[in-house]
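Open your viewer and get ready to select. Each stop tells you what to pick and what you will find there.

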Amino acid sequence: MKLGAVDWGVIALYLIFVLGIGIVSARRAKSGNDFFLAGRAIPAWVCGLAFISANLGAQEVIGMGASGAKYGISTAHFYWIGAIPAMVFIGVFMMPFYYGSKARSAPEYLRMRFDEKTRALNAVTFALMTILNSGISMYALAKLIQTLHVFDGPFAALGLPQAWIFHGAILTAAAVVLVYIYMGGLRGAIYNEVLQFFLIVAGFAPLVWLGLRQVGGWHGLQTTLGPSYTHAWAGMAHATTNKLGVDWFGLSMGLGFVLSFGYWCTDFLVVQRAMAANSMSAARRTPLIAAGVKMFIPFIVILPGLIAIALTSAPDHPGKASVPAVRAGEIVQHDPGVIPIKIDSTTGKPMLDARGEPQLDYDLATPNLLLRYFPIGMVGVGLTALLASFMSGMAGGVTAFNTVFTYDIYQAYIRREAPDAHYLMVGRLATLFGIAASVAAAYLCSQFNNINDFLQLVMAFVNAPVFATFLLGMFWKRTTGHGAFIGLAAGTITAAIHHGLTLPVNDMAGLKGGWLGVTHTYASEMAQNFWIAIWAWSACFIVTIAVSLVTRPKPQGELTGLVYSLTPKIVRENGPWYMRPVLLGVIMLTLTVILNLIFR
Amino acid sequence: MLFDVRLPIGLLFLAIGLLVGGYGVLGPATLSAGVNIDLIWGGVMAAFGALMLVLAALAKRGRLDPPPEDQT
């Protein structure tokens, strides 16, 4: 696929606007409050769209397409079960404490509610994981751009070796994000995230439209792929009768409760967007507005995967004949379908699964569909959408990192009393450092094959128990700092031990689990992940309660505004229906139930 | 708010829409799945951009966006 001048024009326009927003935002980034919290002056709808956009990184767009191709519409559980209920919960119940406490970050809330050590544990692990995550995402994007061969032409024309495409992609994306956050801070990031949100939709919605036309609409997909692909709840009674390899309990408790609430209700990357809102009501509506949009995101990120697999696996399908043949050496070399066969990078041979069948490279489902159906002009729009999703995800991580680093690490342990301007400078330097560290992490991923899996595993161990800490902290005034800290540690250790004792079926003991001896086998890796989360959360929950009961709680006077029972309730909700958080929450949950019923 | 974010969104979508839509009219006609997607989607993007600009203009005249309220 060669890019035309129009495509370059679209990408250039995007870059100019993104940088421009950063530069204009810089005029208002004069204090710590401006830089880290966007002056707490952003309207709810802007925060809500930024909230989604920061979570719609390239890894998600590519990964959800891949899952759609592999597991079908069941992937939507990650949204309908794994996001919406938690987003409603944080908006209705938790936001009053985050926003009302005037904490500047999630770890800072933990210090106010518990103690210094709980904050330190949360701040340090969050900062590290956010940077590593951003590095992993950067690596994935650069690798993808290299695989798509879209920039081969310009690099060859400049006499640069093809390997430089990887470096070019990483450094360009990092430099752009650096400029707009360094200058505009959180405000620059949020405004750009809204712009990027619309661009992501503009890039993927027409892809779905064209794809559905090609496969004969949703009905065509149903006929081609069968019910296991097009019904989200089919066979969920047992782990062995559905594609995910999870039963309904593991799904709703592991994903729907522990993992989902752990991420959406405690992760500062998410919470920070709502904290930038211009009022308590706007902060509460932020995740609710986001939920209203989020529930429809599966239709633009998961459906491309289903369409791609339909075009790959159905050689007799009428749509297939009209797909132009791909010239050798272009996008796909080994497979005439949209999703190519996975090639082992060391041997150059196709990778085979346990049954000796060639494996498909599902990660290329969405990108290849895009290159297949978009002509010159729209390819630019599609690539811009991919670039926008990458940048919004990365900026989300970087703005959360610079705030946590400055307030929860630097101000807490390195220099306590300094003028605001000093912390503003530290925040800018932390942005620079955070992006440099992400780039380093991306290169680490490219050096060591397994490091990506390993990092994600460690993150899972650390993240799984954290919601128990916030939940008990906000809703049980007896919870103590010692309880929270020891509970968190116990949860992480339980996660590691559970991983060490279990293994997904067909996997070798090692990075996939079983390194302490296999006592239980799961039907899939996903089932193992969900159950690790359930165990870790339960351990944290029980240990926190047990230790709290034998340690001394904070005096009640210090907990006003931080704990549910000691905070004055918001009794009356004013304004029209769309301004009332509880009503909005009910509407979002009802719509989600309806979506589940339609795609059951 | 420092500036209305609908302004840059409107301008960018209008510009991209006109560019891609224009290419769909003037460039070599390429059909994907039987439609001139450059023209159609370029048009949709330009229209969306124009709508954003109109909304931004209305907001500037105070006809949209109720003032932020605080209930606590």
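**Stop one: a glycine and its contacts**

Select Gly256(A). Setting aside neighbours within four places in sequence, Gly256(A) is in contact with Ile81(A), Gly82(A), Pro85(A) and Leu251(A). Two residues are in contact if their C-beta atoms, placed from the backbone, lie within 7 Å. This is a predicted model: local features need pLDDT of at least 70, side-chain atom pairs count only at pLDDT 80 or more, and totals for chains, interfaces and linings use all residues. Residues are numbered from 1 along each chain as its sequence is written, while chains are lettered from A and ligands numbered from 1 in the order in which they are written.

Why is Gly256(A) classed as buried? Because 23 other C-beta atoms lie within 10 Å (buried needs 20 or more within 10 Å of the residue's own, with C-beta atoms placed from the backbone).

**Stop two: the helix and the domains**

Select residues 248–264 of chain A. This is helix H13, and Gly256(A) is in it (helices are DSSP runs of H or I, at least four residues, numbered from the N terminus).

Next, colour the domains of chain A. Domain 1 is 5–315 + 362–447, and domain 2 is 460–568; the bounds come from an automatic or database domain assignment. Here 31 residues of domain 1 of chain A are in contact with 24 residues of domain 2 of chain A. On the domain 1 side, H13(A) gives the largest share, 10 residues.

Conventions: Helices (H or I, at least four residues) and strands (E, at least two) are DSSP runs, numbered from the N terminus. A residue is buried if 20 or more other C-beta atoms lie within 10 Å of its own, exposed if 12 or fewer, and partly exposed in between; C-beta atoms are placed from the backbone.
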